Amino acid sequence: MNKVRINDLTFSIGSKVICDGITVNFKRDSFTGIIGPNGSGKSTLLKQIYRVIEPNQGKIFIDDCNIRDFDSKKLAKIMAVLPQENQSDFDYTVGDIVLMGRFPYHSIFGSGCPHEEDNLIMKEYLDLVGLKDREHRFFKTLSGGEKQRVLLARALAQKSNLIVLDEVTNHLDIGYQYKILEILRKLGLTIIAAIHDLNLAMKFCDEIILIDGGKVIDTGKPRDVITETVLRDIFRVNARIVEDGDTTVIDYISSYY
Ligand SMILES: Nc1ncnc2c1ncn2[C@@H]1O[C@H](COP(=O)(O)OP(=O)(O)OP(=O)(O)O)[C@@H](O)[C@H]1O
């Protein structure tokens, strides 16, 4: 069964068509990676899913309900988001930032105190992203990778079943790239993630959607979508795809323009 269904989505700015009649399904409890070159429309598609921008045409359904019909608190219980560009100078502690993920469940800042359960969830997710010792630090004093992990903890604290991630591995070292993607996989959520690193996409995604020029070029299992032809024609690199036991690795040889 599909969790998210997108039907004929089109978004333009002036005469520039950025998303061009996109029709795709995101399977329930699957990790779907959206791949495509710079400027292909990945973030613009995600922004329409998390309702920051409105399509000119087409509809998006979550569990067969049009996302337009959810109020923002209800939507926040259903879908958590980690956007690509994050404000990084919040004047709050790390713990407070993660507690913001609990906002859909309470009027925390209205009543002035989070519930005990919220504090436990905050600590649980800070621990999960390896930052439990930073709870009382000011967010703006953290490194880029630490900030990214705090913002992921905030998104997970929303306890939604659907999470939308735009380049979640931004700023993360290779160890944390793998750790965070492994954590996300194990949570068993419906994950929709724009992802640039095709080796990570190959390893962690259940399904891939390939976008170019605002159009869906292909969908399917990573090994079926990410081919040497796609690497050459869409991503402009000569590369070999090497099978090594259960692992498939993209071995870049050269790029051309
Ligand atoms: N507000 C805007 N005004 C003008 N052009 C825009 C606007 N938003 C996006 N675009 C253009 O639409 C295209 C798609 O942008 P988008 O950010 O969705 O690409 P992307 O696939 O996420 O790229 P990247 O891999 O570089 O993050 C780009 O050419 C971008 O310049």
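With which residue does E243 form a salt bridge, and how far apart are the closest N and O atoms? In this predicted model, the partner of E243 is R223, and the closest N and O atoms of the two residues are 2.5 Å apart.

The protein chain is divided into domain 1, which spans residues 2-226, and domain 2, which spans residues 228-257. Between the C-alpha centres of domain 1 and domain 2 the distance is 27 Å. Contact between the two domains involves twelve residues of domain 1 and eleven residues of domain 2. Together, domain 1 and domain 2 bury about 1,000 Å² between them, and 69% of this area is on carbon and sulfur atoms. Of the area that domain 1 buries against domain 2, 43% is supplied by L198, N199 and R223, more than by any other three residues.

One salt bridge is found across the interface of domain 1 and domain 2. Two residue pairs are in polar contact between domain 1 and domain 2, both at pLDDT 80 or more. On the side of domain 1 that touches domain 2, at least two residues are supplied by each of α8 (198-204), β9 and α9 (222-225). Helix α8 gives the most to this side of domain 1, with three residues.

Strand β9 also belongs to an open sheet of six strands, in which the order is β6-β7-β8-β3-β9-β10 and the pairing is mixed. The edge strands are β6 (79-82) and β10 (215-220), each of which pairs on one side only. From one strand to the next, the twist averages 15 degrees. Strand β9, comprising residues 207-212, pairs with β10 in the antiparallel sense over five bridges. Within this region, D212 stands opposite K215 in β10. Helix α1, formed by residues 42-49, lies across β3 (31-35), β6, β7 (162-166), β8 (190-194) and β9. Relative to β7, helix α1 runs at about 150 degrees.

Salt bridges were then considered over the whole structure, where the search finds 15. One further pair is formed by E135 and K123, with the closest N and O atoms 2.9 Å apart. Because E135 lies in the loop between α5 (116-128) and α6 (144-157), whereas K123 lies in helix α5, the pair ties together parts that are twelve residues apart in sequence.

Helix α5 also contains N119. When residues up to four places away in sequence are not counted, N119 touches L99 and P114. N119 and D91 are separated by 28 residues in sequence, and their C-alpha atoms are 19 Å apart in space.

Notes
Residues numbered from 1 in each chain as written. Predicted model: local features only at pLDDT ≥ 70, side-chain atom pairs only at ≥ 80, totals over all residues. Heavy atoms only, no water. Pairing = 2+ DSSP bridges. Helix = DSSP H or I, 4+ residues; strand = E, 2+ residues; numbered from the N terminus. Axes fitted to C-alpha atoms, helices over the stretch in contact; angles between N-to-C directions. Contact = heavy atoms within 4.5 Å. Domains from an automatic or database assignment. Buried area = accessible area lost by both parts, 1.4 Å probe. Salt bridge = Lys/Arg side-chain N within 4 Å of Asp/Glu carboxyl O. Polar contact = N/O pair within 3.5 Å; in protein donor to acceptor, adjacent residues only side chain to side chain.
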